[in-house]
Amino acid sequence: MHNHNQCGDYLAYISDYLDGELPPEICASLEAHLRECVNCRVVVNTMRKTIELYQVTSGDETLPEGVHTRLFARLKLDD
Ligand SMILES: [Zn+2]
């Protein structure tokens, strides 16, 4: 069984996990933890949304600066 003391270790892997750069063994271990741990699932979902938004906004050069700021400000408020 996993306990919450392990969360910090898994959280360190999450950005690599979302980048698809995590070794399969660690990836499977992280996914097993995510099934049990709602806290880490929330972190993964939040980070995934942030990355998707970042990719969308950074892929569109026509967006004015203020839109980026508002998007990220809203993310922090929603957290
Ligand atoms: Zn956790």
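Trainee: How far apart should the end C-alpha atoms of the 13-residue helix H2 (residues 24-36) be, at 1.5 Å a residue?

Mentor: Let's start with the rule: the expected span is 1.5 Å times one less than the number of residues. Helix H2 should therefore span 18 Å, and its end C-alpha atoms are 19 Å apart, which agrees. Helices here are DSSP runs (H or I, at least four residues) and strands are runs of E, at least two, numbered from the N terminus. One caution: this is a predicted model, where local features need pLDDT of at least 70 and side-chain atom pairs count only at pLDDT 80 or more, while totals for chains, interfaces and linings use all residues. Residues are numbered from 1 along each chain as its sequence is written, and side-chain values use heavy atoms, with hydrogens and water left out.

Trainee: Which residues of H2 are buried?

Mentor: Buried means under 20% relative accessible area, exposed over 50%, and partly exposed in between (1.4 Å probe, protein chains only). In H2 the buried residues are Cys27, Leu30, His33 and Leu34. They cover an arc of only 125 degrees around the axis, which puts them on the same side of H2; the arc is taken from the directions from the helix axis to the C-beta atoms. On the other side, Pro24, Glu25 and Arg35 are exposed.

Trainee: Which residues are the protein donors of the zinc ion?

Mentor: Donors are N, O and S atoms within 2.8 Å of the metal (3.2 Å for Na, K and Ca); water is not among the atoms, so sites may look incomplete. Here Cys7 (SG), His33 (NE2), Cys37 (SG) and Cys40 (SG) lie 2.0 to 2.3 Å from the zinc ion. Their spacing along the chain is C-x25-H-x3-C-x2-C.

Trainee: What is the geometry of the zinc site?

Mentor: Four donors count as tetrahedral if all angles lie between 85 and 135 degrees. The angles among the four donor atoms are 103 to 113 degrees, and the site is tetrahedral.

Trainee: With which residues is Val44 in contact, leaving aside its neighbours within four places in sequence?

Mentor: Contact means heavy atoms within 4.5 Å. Val44, in helix H3 (residues 38-58), touches Ile14, Tyr17, Leu18 and Leu34 by that test. Val44 and Ile14 are 30 residues apart in sequence, yet 6.7 Å apart in space, C-alpha to C-alpha. At 4% relative accessibility, Val44 counts as buried.

Key. Four donors count as tetrahedral if all angles lie between 85 and 135 degrees; four count as square planar and six as octahedral if opposite donors are over 155 degrees apart and all others between 65 and 115; anything else is irregular.
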